[in-house]
Each structure stands twice: as C-alpha cells, then as structure tokens.
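The sequence and the structure are shown first, and the description follows.

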Amino acid sequence: MTLQNMQARLANYPSCHPPTAHLRSSTKEELQMAYVLTYFPVRGRAEAIRLMLKDQGKDWTEVTVTRDMWLEGTVKNSCLFGQLPKFEDGDLTLYQSNAIRRYLARKLGIYGKDDKEEAFIDMMDDAVQDLQNKYIKLIYQEYDTKKEDYFKQLPCDLARFEKILTCNEGGFLVGKQISFADYALLLQLLNHEVLCPSALDNFPSLQAYRDRLSARPNIKAYLESHAFKNTPINGNGKQ
Ligand code: GTB
C-alpha cells in the first residue's frame with residue numbers, strides 16, 4: 001500500500017474531536033499550522049515527545065482526553081490501535097509514541113549526523129525503552145508486590161548507562177549533539193529519582209548528565225513550569 005493510499009484510508013477513520021474546552025490554545029489558523037498532541041492528563045508516554053518539542057523550541061496544541069471521555073469509547077474507537085498518544089502534523093496522523101518520536105527526530109535533525117550515529121541512537125533508545133518498559137510494568141502491575149526486587153535490579157540497569165556516558169566524551173548518549181534518545185533517558189532518570197530518591201547516588205556521570213540536560217534553557221523552564229510539575233507521571237497515581 002502506498003503512503004498516499006494509507007493516508008486516504010486512515011482519513012476514513014473517525015477523528016477524535018474533543019470539546020473545544022479541552023484545547024489549551026488557540027485560533028483556527030494556529031490549529032492548522034501547529035502540531036497537535038492528543039493524550040491523557042499525565043506525563044506517561046507523551047512526555048518524551050513534549051520534552052523534545054520544548055527543548056527544540058517547537059509549539060504544539062495539546063488535546064487532553066479525560067478518563068471519562070476515554071471510557072465513553074468514541075475516542076478510543078477512533079484511534080488506530082485503540083490507544084494514545086496520537087500526534088498530528090498537518091494531514092499526517094501518527095500513533096505509537098516511539099514512531100512519533102522518531103518522526104520528529106528526523107524532522108528536527110536530532111537523529112545523528114550519519115547512518116552510524118543513527119544506528120547507535122536507535123540502539124541506545126531501545127535500551128532506554130527496555131528500562132521504561134520495566135518501570136511501566138512495576139507501576140501498573142507490580143507496585144505493591146515487586147518494588148524491593150525492582151530496587152535490587154535497578155543499579156545494574158543504571159550502571160550500564162553510567163558506563164556509556166562515562167565513555168562518551170560528547171556528553172550525550174551518542175556523539176556530540178543531543179538526540180531523541182537523550183530526552184527519553186533524562187525522563188527515566190527523573191522518574192526513577194521520584195520512585196527511589198537515592199537511585200543515582202553511586203552514578204556521578206548520570207548525575208552530571210541529568211544536571212546538564214536539565215539546565216538547558218528550554219528544558220529548565222519546562223521542568224520548572226506549572227504544566228510539568230502539576231501533571232502526574234502515571235495514569236494510576238503511582239510514582
Ligand atoms: N505502544 C504504545 C505507544 O507507545 O504509544 C502504547 C500506548 C499506550 O499504552 N497507551 C495507553 C492507553 O492508551 C496510555 S499510557 N491506554 C488506554 C487503553 O489502552 O485503553 C498509560 C495510561 C493509561 C491511562 C491513563 N489515564 O487514564 O489517565 C494514562 C496513561
């Protein structure tokens with residue numbers, strides 16, 4: 001199927017049209033221009049997208065789907081895989097958070113300087129996703145039963161990233177420039193420090209990396225913002 005055919009078919013899927021009250025901005029013209037990110041009122045799987053857009057100085061319109069709206073079913077049925085986030089860039093509609101992140105990374109030029117760096121960035125991002133998947137499993141399925149086991153394994157997982165950052169003098173996961181994988185790792189470090197405040201205690205390179213990325217002007221402003229601080233990390237209230 002060609003991309004055009006697929007777009008035409010996807011256009012037949014009913015769209016999510018939440019009430020205007022849920023749009024944080026703006027005029028009709030801006031809506032046509034801007035990126036649109038549709039998600040729940042939590043950080044969750046949308047946060048690495050938000051952090052990347054913020055750091056890169058890009059605006060977007062946030063469409064917030066409440067739990068009640070979701071349970072009603074119309075929005076869920078309108079989503080290609082029955083899940084959020086959804087991301088729109090003009091007439092392109094994407095689902096799957098990692099596909100959205102890679103699309104934006106290509107578009108914004110934060111996917112490495114050549115094929116080799118791109119492959120390394122993919123590898124790093126997959127490793128961060130492995131950690132994120134473990135975290136999500138703990139939060140949504142095992143929070144009350146497996147936390148101690150998780151804390152025992154965590155230093156082992158973090159030590160691998162510590163070694164990578166110690167070895168790469170560029171200050172990022174790969175090369176000398178930030179990539180989309182760095183935003184994902186920064187968020188995992190921040191989330192894990194909420195879960196376990198001493199998580200980074202024995203990892204000086206991870207601490208320095210967390211501090212350096214958090215001090216980038218757009219990231220600093222975002223991390224200090226009301227929007228970030230008042231948005232729960234996860235959908236079930238656990239953190
Ligand atoms: N592979 C997909 C991706 O990466 O985009 C996975 C997306 C996904 O798991 N989406 C979850 C979802 O849509 C949201 S993240 N769940 C609803 C469903 O499957 O019906 C976890 C989540 C769940 C619920 C809330 N909430 O109610 O506020 C927030 C976050």
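## A buried glutamate and its surroundings

Glutamate 162 is buried but takes part in no salt bridge; arginine 212, the nearest side chain of opposite charge, is 10 Å away. The model is a predicted one. Glutamate 162 lies in helix α8, which spans residues 147-167. Leaving out residues up to four places away in sequence, glutamate 162 touches Phe203, Pro204, Ser205 and Leu206.

Leucine 158 has a contact list that includes Phe203 and Leu206. With residues up to four places away in sequence again not counted, Leu131, Leu189, Ala199 and Leu200 are also among the residues that leucine 158 touches.

## Core and overall fold

The protein has twelve helices and four strands. Of its 239 residues, 46% count as buried. Among contacts with a separation of 6 or more, 69% are between residues 24 or more positions apart.

In soluble globular proteins, nonpolar side chains tend to be buried together. The largest nonpolar core here holds 67 residues, and the members that touch the most others are Leu104, Leu158, Leu173, Leu185 and Leu206. Helix α9, residues 180-195, supplies the largest share of this core, with ten residues.

## The β3-β4 hairpin

Strand β3 (residues 86-89) and strand β4 (residues 92-95) are paired in the antiparallel sense, with four bridges. Two residues lie between β3 and β4 in this hairpin, and glycine 90 in the turn has a positive phi of about 60 degrees. Aspartate 89 stands opposite leucine 92 of β4.

## Lysine 58 and the cysteines

Lysine 58 is located in the loop between α3 (47-55) and β2 (60-64). Apart from neighbours within four places in sequence, lysine 58 is in contact with Tyr35, Leu53 and Leu108. Tyrosine 35 is 23 residues from lysine 58 along the chain, and their C-alpha atoms are separated by 8.6 Å.

| Residue | Relative accessible area | Class |
|---|---|---|
| Lysine 58 | 35% | partly exposed |
| Cysteine 156 | 37% | partly exposed |
| Cysteine 167 | 59% | exposed |

Why does cysteine 167 count as exposed? Cysteine 167 is placed in that class because its relative accessibility is 59%, and the class begins over 50%. Cysteine 156 counts as partly exposed because its value of 37% lies between the limits of 20% and 50%. With a disulfide taken as two cysteine sulfur atoms within 2.5 Å, the count of disulfides is zero.

Methods: Residues are numbered from 1 along each chain as its sequence is written. This is a predicted model: local features need pLDDT of at least 70, side-chain atom pairs count only at pLDDT 80 or more; totals for chains, interfaces and linings use all residues. Side-chain values use heavy atoms; hydrogens and water are left out. A nonpolar core is a set of buried Ala, Val, Leu, Ile, Met, Phe, Trp, Tyr and Cys residues joined through side-chain atoms within 4.5 Å. Buried means under 20% relative accessible area, exposed over 50%, partly exposed in between (1.4 Å probe, protein chains only). Contact means heavy atoms within 4.5 Å. Lys and Arg count as positive and Asp and Glu as negative; His and the chain ends are not counted. A salt bridge is a side-chain nitrogen of Lys or Arg within 4 Å of a carboxyl oxygen of Asp or Glu. Two strands pair if DSSP finds at least two bridges between them.
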